[in-house]
Amino acid sequence: PAESKINLQPGERMTVADLLRGLLVESANDAAATLATRVGGSEAAFVRQMNARAQKLGLENTHFANPVGLDQAGNYSTARDLVRLTQRLRAFDFFRRTVARETVTLRTGNRPRTLENRNTLVRLPVVTGVKTGHTQQAGYVLVGSGRKNGITLISAVLGSPSLAAREADTRKLYAWA
């Protein structure tokens, strides 16, 4: 896949954990496609599984058309559904630890890779993740999480015109909350 990737090579073997780290921190579409094919048998079969799971989770305004989140007819979600999904994912230690890190090093594969988190807000002491994105249709997106005074906040900013606007809007939400 185009766009963000960790430059997997044909035949390269990498652990699922490292592929997930690449996906969560670098937004690596090649890792997403690899995981989809391995788990689902094909990208199309995995997308069907994603949609079935979205329904089970009550994500009423989410539908997947591909496993990488790029613009395609039938691929959509809402801020509310993204927050609901994040609440569910934050139940998993691996997810929480991974999305909160400034950098991760993938040690499996043909070579080690050190990746910087695309969510630069994780450098702030109260920010604990979560995931960035960008497409022509969605604009700049950031589903964020932060924790202060024992309270966890999950935010979703969609449709921002730039990285700076996305971060500024997220900071404003945290300040307001």
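Predicted model: local features only at pLDDT ≥ 70, side-chain atom pairs only at ≥ 80, totals over all residues.

Me: How many helices and strands does the protein chain have, and what pattern do they follow along the sequence?

Reply: A fold is read by listing its elements in order. Here the protein chain has six helices and five strands, and read along the sequence they follow the pattern α-α-α-α-α-β-β-β-β-β-α.

Me: What do the radius of gyration and the globule rule say about the protein chain?

Reply: The radius of gyration is compared with what the globule rule gives for the length of the chain. For the 177 residues here the rule gives 16 Å and the radius of gyration is 16 Å, so the protein chain is as compact as a globular protein of that length. Along its principal axes, the C-alpha trace spans about 50 × 35 × 30 Å, and 39% of the residues count as buried. Of the contacts between residues at least 6 apart in sequence, 44% join residues at least 24 apart.

Me: At what angle do helix 2 and helix 3 pack?

Reply: Two helices are described by the angle between their axes and by how far apart those axes lie. Helix 2, residues 29–40, packs against helix 3, residues 43–56, at an angle of about 85°, and the axes are 7 Å apart. Since angles of 65 to 115 degrees count as roughly perpendicular, helix 2 is roughly perpendicular to helix 3. Helix 2 contributes Ala33, Ala36, Thr37, Val39 and Gly40 to the contact, while helix 3 contributes Glu43, Ala45, Phe46 and Gln49. By class, this contact has five nonpolar, three polar and one charged residues.

Me: Which residues make up the largest nonpolar core?

Reply: This core has ten residues, namely Ile6, Met14, Leu19, Val25, Ala28, Ala31, Leu35, Val104, Leu106 and Leu115. Helix 1 (16–26), helix 2 and strand 1 (103–106) are the elements that give two or more residues to it. A second, separate core has seven residues, including Phe46, Ala54, Leu59 and Phe64.

Me: Which residues is Met14 in contact with, once its neighbours within four places in sequence are left aside?

Reply: Met14 is then in contact with Ile6, Leu8, Leu19, Leu106, Thr108, Gly109 and Arg113.

Me: Which residues of helix 4 are buried, and what do they pack against?

Reply: In helix 4, residues 79–89, the buried residues are Asp81, Val83 and Thr86. These buried residues pack against strand 3 (127–135), strand 4 (139–148) and strand 5 (151–160).

Technical notes. Residues numbered from 1 in each chain as written. Heavy atoms only, no water. Axes fitted to C-alpha atoms, helices over the stretch in contact; angles between N-to-C directions. Helix = DSSP H or I, 4+ residues; strand = E, 2+ residues; numbered from the N terminus. Parallel < 35°, antiparallel > 145°, perpendicular 65-115°, else oblique. Contact = heavy atoms within 4.5 Å. Nonpolar A, V, L, I, M, F, W, Y, C, P; charged D, E, K, R; others polar. Core = buried A, V, L, I, M, F, W, Y, C linked by side-chain atoms within 4.5 Å. Buried < 20%, exposed > 50% of the residue type's maximum accessible area, 1.4 Å probe, protein only. Rg over C-alpha atoms; globule rule 2.2 N^0.38 Å.
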